[in-house]
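Student: I have a new structure open and would like to learn how to read it. Could you walk me through some features, one at a time?

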Amino acid sequence: MIRFTAFESKLVPLAIDNIDTDQIIPARFLKTISKDGLGDQLFYDWRYDAEGKPKPDFILNTPEAKAAKILLAGDNFGCGSSREHAPWALTQYGFRAVISTSFADIFRQNSLKNALLPIVVPRDVHVELFAHPGATVKVDLASQTMTLSGGRAVQFPVDSFAKHCLLEGIDELGYILQQEPAIAAFEASHPAAVNTLG
Amino acid sequence: MKQSTKPRTVIEKIWDQHIVAEQPGAPPLLYIDLHLVHEVTSPQAFDGLRRRGLKVRRPEQTIGTADHSVPTTPRSLPIVDKVAAAQIAQLEANCREFGIACFGLHSPDQGIVHIIGPEQGLTQPGMTMVCGDSHTSTLGAFGALAFGIGTSQVEHVLATQCLLQSKSKTYQVRVDGALKPGVTAKDIILSLIARIGIGGGTGCVFEYCGSAIRGLSMEERLTVCNMSIEGGARAGLVAPDDTTYQYIAGRPHAPKGQAWDAALARWRMLPTDEGAVYDKCITIDAAALQPMITFGTNPGMGIPITAPVPDPTSVVDPLERDTLARALHYMDLVPGKPLLGHKVNVVFIGSCTNSRISDLRNAARLLKGRKVHPGVRVMVVPGSNHIREQAQAEGLDQIFRDAGAEWREAGCSMCIAMNGDQLQPGEYSVSTSNRNFEGRQGKGGRTFLASPLTAAAAAITGTVSDVRELMR
């Protein structure tokens, strides 16, 4: 994994609550067996018309959005399905962070494993960001700080282990594999409840 | 294993029994007893194993099945969608390569991933279970900690049988009282979600308790736990009791003989201790519940069947108001008017929420001797091949066919609409599934979520109907 560095970007606002993973990437695109090509399918049913042509008025089709790295969304972003195709599609489009007041649990976890930073902000900051949709925001994970264009710095929470992995470019599986002795010891005292091969 | 004298909830007991390691600076390492795998969220995980040269650590604690991409047309027909066919073939190939038992397309045990585990007796109290699928919460009905994970975590579990996982908060959902006729387990869970909203349980695990939950069958408990994720909770469970044990006894993978006695003694220790404290609580009066239906584009947008559709102008928060207005626009509904009498194009009876034998019996009871309303397409899709056979043995398939409904093969079908079963743009369905998101059942399609009884009522009348009127 690549180390997660500080960056700044304009915001792409989507002022809708409860944006679910079926909107982020519709289920019919989940028949793929690879991770590739999902960026073009991001928000497909909002982004393209019945003929598959980009809708010019949808924000993700604007040149500004294509150059941006931060999505600003309503409450409870990423609810619904566990599909990791959602953060894959968001990062392949070019996003490195999503800002909301809250995230669904599975989406938040999936995002952190794909260098997509879910930034939770308090309500007043959320309102302020939506009031200045074209603003540029600086994100620094190391200090867990987001600096708004007016210079106001806002702290955001992030799980300390996920932060460590993102900043150092560490892969979680590598860490778990190092716990092999503990896993083996646990298994020795915890007999398997079932045997699917038996 | 941590010992504690403090009163604990069933959630905390299972959690404590599965902690492999707790290192400073990292989340606890949680052991997973059973890993269920399906074709959609696993191929990239198996690729990851191959890339790293890793094996599956515990193939005997892993099981695969094909369900999401599977067409529900006769199995003798070829799969028309080549991409879907390739994905199903890939699952079967991956399971072969890594030594995992797989209920492939032509297996007699094939079915929806959340249905096959209970059928086989693989899902037992006190276990931790995961699957790359958010409706894994279903399996909490056994008094187990069961939750959905992403594909990265599927790879972690395949390789290590473990997950790094932060502890969730505990949320007691107490449902007391007796359900009225026509009101079902589905209506309990739809009312809960309507009350707390689809983010209401975020960061939590639900424990469903109270006399109404105790009175539910295992299949009904599976329906309730299934939609925990729709309330934002990654998992939801019911502490095990005699209903649970009776359901498991005698199934292919259930413990037998002395092992059964030992398991039972262990399971009886699981229920929440007297005096255990939850982080959050809510109480629902079962007797006050009506049949529920959703009107909007998330499962929290639900109302009693006789209630009017909410009016956005009465909502104070601007973003919330816009979200509701947007949902009504998508659904093309008029605020303030009841849904009762609204035209329906398709009725879908199926999905991991409501495709078990008791669901099919409920629908069949209403449809018996009646006809599907002309112009309504009714799809009945059993959750597994075994359910399909059981229903046929009971003659339910004939009741559905005689009424004018389609009797199809097992799979996720129109719940996820990535397998050929889908709505056309603008169509309305009454669906027994779990999600009514925009386009969930087909691009431009509009979904009203409800119980199998309410769905069967709509099949007969061709409109959103109060099933209690048809039960008189």
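Tutor: Let's start with one residue: A:A97 is buried, because 24 other C-beta atoms lie within 10 Å of its own. The word has cut-offs: buried takes 20 or more other C-beta atoms within 10 Å, exposed 12 or fewer, and partly exposed is in between, with C-beta atoms placed from the backbone. Before we go on, this is a predicted model: local features need pLDDT of at least 70, side-chain atom pairs count only at pLDDT 80 or more, and totals for chains, interfaces and linings use all residues. Residues are numbered from 1 along each chain as its sequence is written, and chains are lettered from A and ligands numbered from 1 in the order in which they are written.

Student: Which residues does A:A97 touch?

Tutor: Two residues are in contact if their C-beta atoms, placed from the backbone, lie within 7 Å. Leaving out residues up to four places away in sequence, A:A97 touches A:K69, A:I70, A:L116, A:L117, A:I119 and A:V139. A:A97 sits in strand β3 (residues 97–100) of chain A. Helices (H or I, at least four residues) and strands (E, at least two) are DSSP runs, numbered from the N terminus.

Student: And what does chain A look like overall?

Tutor: Chain A has nine helices and seven strands. Its C-alpha atoms fill a box of roughly 60 × 45 × 30 Å along the principal axes. Of the 198 residues in chain A, 43% are buried. Among contacts in chain A with a separation of 6 or more, 66% join residues 24 or more positions apart.

Student: How many residues of chain B are in contact with chain A?

Tutor: On the chain B side there are 66, in contact with 52 residues of chain A. Helix α5(B) gives the most to that side of chain B, with six residues. By class, the side of chain B that touches chain A has 27 nonpolar, 27 polar and 12 charged residues. Here Ala, Val, Leu, Ile, Met, Phe, Trp, Tyr, Cys and Pro count as nonpolar, Asp, Glu, Lys and Arg as charged, and the others, Gly among them, as polar.

Student: At what angle do α2(B) and α5(B) cross?

Tutor: Axes are lines fitted to C-alpha atoms, for helices over the stretch in contact, and angles run from 0 to 180 degrees between N-to-C directions. The axes of α2(B) and α5(B) cross at roughly 50° and come within 8 Å. The two helices α2(B) and α5(B) are therefore oblique to each other. Under 35 degrees counts as roughly parallel, over 145 as roughly antiparallel, 65 to 115 as roughly perpendicular, and the rest as oblique. The contact is made by B:Q44, B:A45, B:G48 and B:L49 of α2(B) and B:T151, B:V154, B:E155, B:L158 and B:A159 of α5(B).

Student: How do I read a sheet?

Tutor: Strands of a sheet pair through backbone hydrogen bonds, either parallel or antiparallel. Two strands count as paired if DSSP finds at least two bridges between them. Chain B has an open sheet of five strands in the order β17-β16-β15-β18-β19, with parallel pairing. Its edge strands are β17 (406–407) and β19 (446–449), each pairing on one side only.

Student: How many bridges join β18 to β19 in chain B?

Tutor: Four bridges link β18 (residues 428–431) of chain B to β19(B), and the two run parallel. For B:Y428, the bridge partner in β19(B) is B:R446.
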